[in-house]
Amino acid sequence: MAAVTTSTERSLNKLAIVGVLIVTMIFLAPIYWIASTAFKPRNLATTIPPTVVFQPEISPFVKLFTKRSQLRTAPTPEQYAAAPWWERLVFDGGEKVVRSGRGEVQWSGYPSRFMNSLIVAITSTILAVGMGTFTAYGFSRFKIKGEQDLLFFILSTRMLPPVVVAIPMFLMYRAVGLNDTHWGLIILYTAFNLSFSVWLMKGFMDEIPKEYEEAALVDGYTRMEAFFKIVLPEAATGIAATAVFCFITAWNEYAFALIMTNRRAQTAPPFIPSQVGSGLPDWTVIAAGTFLFLLPVAIFTFLLRNHLLRGMSFGAIRK
Amino acid sequence: MATAVMTTLDPKSRSAARGMSDLTIRNLFIIPTIVFLIVFNIFPLIYSLGYSFTDFRASSPAAANFVGLQNYRELLNDPFIWSNFAITAKYVIVSVVGQVIVGFGVALLLNRDIPLKGLLTTLLLLPMMLSMAVVGLFWKLLYDPSFGIINYTLGLGSFEWLSNPDMALYAVAITDIWMWSPFVMLLSLAGLSAVPKHLYEAAAIDRAGSFYTFFRITLPLVAPILMIAIIFRTMEAFKTFDLAYILTSQPTTEVISIRLYKMAFQEWQTGRSCALAYIVLIMILAITNIYVKYLNKVKER
């Protein structure tokens with residue numbers, strides 16, 4: 001920090017390094033525990049002392065995707081030999097895969113919830129970022145009466161507690177049949193992310209020099225052409241970062257999904273806790289579901305790392 | 001006006017003659033968003049304002065009766081509702097104070113010459129990006145009295161966290177602190193890195209103690225950004241629903257959002273819950289107003 005590095009300064013630095021490492025380990029411990037539990041055999045998930053070293057297996061993921069029931073009698077050697085490798089993993093855990101009358105493997109609720117999450121998050125992101133980009137350009141380039149008030153209005157719609165908005169939305173959706181549909185959630189998430197996307201994109205738009213478009217206008221471009229051919233390519237990074245933020249928000253959302261969906265359009269966040277239900281939960285399966293669900297966000301966080309500050313402060317604070 | 005700017009640029013240019021005028025484009029770009037937000041955010045609120053003056057129950061086919069201000073009067077005189085607000089206030093204080101201490105503390109540690117600083121910072125930021133509901137659920141396993149790693153690591157035996165009425169709210173707050181300290185850390189780091197280096201150098205030349213340097217240079221300069229973090233986290237903690245709802249079902253963790261959820265979707269007191277929603281809404285708008293003022297202040301710097 002200071003220009004003169006004294007020996008106290010150096011030892012303080014060493015202390016800080018040790019401190020940061022310890023804090024990082026503590027902060028990552030729960031995430032590590034999710035990841036490791038997802039690869040444990042069931043009997044090692046809840047041991048005392050906790051099992052840290054083990055032979056990883058993927059049976060939790062097989063169980064995550066299939067419908068299972070308890071084995072009453074052990075499978076015969078022929079049954080066991082005839083079963084595919086992944087089904088044997090389920091046999092080993094004392095369960096069997098449920099099959100339909102025609103012998104088709106029954107899927108668990110997880111894959112469809114995961115798909116619902118993808119559909120809802122991707123569609124609402126495209127809508128929110130699409131509309132948000134246009135609106136942000138409008139706010140950035142044109143004089144608007146009461147601009148600050150309008151921007152405040154746009155932001156305040158995001159600050160409302162989900163349950164407050166959900167009560168009337170539930171009644172309105174029920175009246176028009178949007179409850180438990182993808183579109184119902186997509187509309188809610190679009191509205192929720194739209195305000196964010198306007199605020200964030202406005203920051204990115206403000207950074208693109210006006211002179212670029214003015215030069216294009218002089219060259220005979222229309223304003224629309226200038227927007228599509230000059231501004232949008234310049235804003236590409238900002239659009240991508242905004243889209244990832246919107247995706248993560250929609251992907252993670254719980255309260256609206258809990259209230260507005262129950263089966264057909266249910267996303268993963270309300271589904272994963274509902275698996276705990278009654279009896280002794282199989283934490284390896286929950287961990288496997290959690291792990292798969294968190295993975296995209298973890299990857300996105302690394303891709304976004306240089307935009308996190310900006311995104312989390314609604315574009316107000318930049319480095 | 002922007003149109004005026006264009007006319008002065010080149011009144012006879014093709015761009016002015018052909019294509020849409022700037023005014024049309026401005027309206028085309030902005031109005032759909034405003035309309036969308038009005039239809040899906042403001043209209044529902046007007047709708048629920050109407051219901052807040054009725055005894056409507058969404059579970060029964062009976063028509064709503066106008067009851068005037070009765071819902072509001074009863075809610076504001078209901079000691080249970082006030083206790084929900086008190087629980088919420090306690091939760092806000094514990095979790096926000098915890099986040100500021102941990103987040104700002106870690107930021108101070110990170111604001112030095114640390115190898116792999118970028119990687120460590122990103123790793124530390126991971127918790128806040130994850131789904132509260134899904135990760136929160138997993139903390140149930142971590143808090144488990146008999147085989148949770150928290151009790152094991154801290155040597156607490158079979159200490160009850162979530163099923164203990166006195167401890168449950170703190171347990172939820174600890175999870176919230178784990179998730180959101182990174183947010184305070186992120187903003188603090190931005191504030192710390194913006195402090196001009198020459199101030200520290202001048203203080204070092206003046207042989208100022210580190211205590212003095214911290215309170216007279218670091219803290220005042222980071223304060224505005226830290227304030228944004230605090231207001232934002234206060235607002236979010238006030239709205240909290242996911243974590244407390246998933247982790248416990250103790251009456252001592254029934255924050256206002258959970259009460260509202262139960263009133264609306266379990267007891268089906270729709271009219272009354274609309275009134276409570278309005279009371280909460282007014283509080284949130286007040287905090288949002290302060291937040292936006294601070295945001296604009298920091299932006300102008």
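Mentor: B:Asp22 forms a salt bridge with A:Arg223, with 2.9 Å between the closest N and O atoms; a salt bridge is a side-chain nitrogen of Lys or Arg within 4 Å of a carboxyl oxygen of Asp or Glu. This is a predicted model, in which local features need pLDDT of at least 70 and side-chain atom pairs count only at pLDDT 80 or more, while totals for chains, interfaces and linings use all residues. Side-chain values use heavy atoms, without hydrogens and water.

Trainee: How many salt bridges are counted between chain B and chain A?

Mentor: The count is one salt bridge between chain B and chain A.

Trainee: How is the size of an interface expressed?

Mentor: It is often given as the accessible area lost when the parts come together. Here chain B and chain A bury about 9,700 Å² between them, 82% of it on carbon and sulfur atoms (accessible area with a 1.4 Å probe, summed over both parts). In chain B, the residues that lose the most area to chain A are B:Phe29, B:Met129 and B:Phe138, together 8% of what that side buries. The contact (heavy atoms within 4.5 Å) takes 110 residues from chain B and 104 residues from chain A.

Trainee: How are two packed helices described?

Mentor: By the angle between their axes and the distance between the axes. Helix 5 (residues 110–141) and helix 10 (residues 223–234), both of chain A, pack at about 110° with axes 13 Å apart. They are therefore roughly perpendicular, the class for angles of 65 to 115 degrees. A:Phe134 of helix 5 is among the residues that meet helix 10, where A:Arg223 is one of the partners.

Definitions and conventions
Residues numbered from 1 in each chain as written. Chains lettered and ligands numbered in written order. Axes fitted to C-alpha atoms, helices over the stretch in contact; angles between N-to-C directions. Helix = DSSP H or I, 4+ residues; strand = E, 2+ residues; numbered from the N terminus. Parallel < 35°, antiparallel > 145°, perpendicular 65-115°, else oblique. Buried area = accessible area lost by both parts, 1.4 Å probe.
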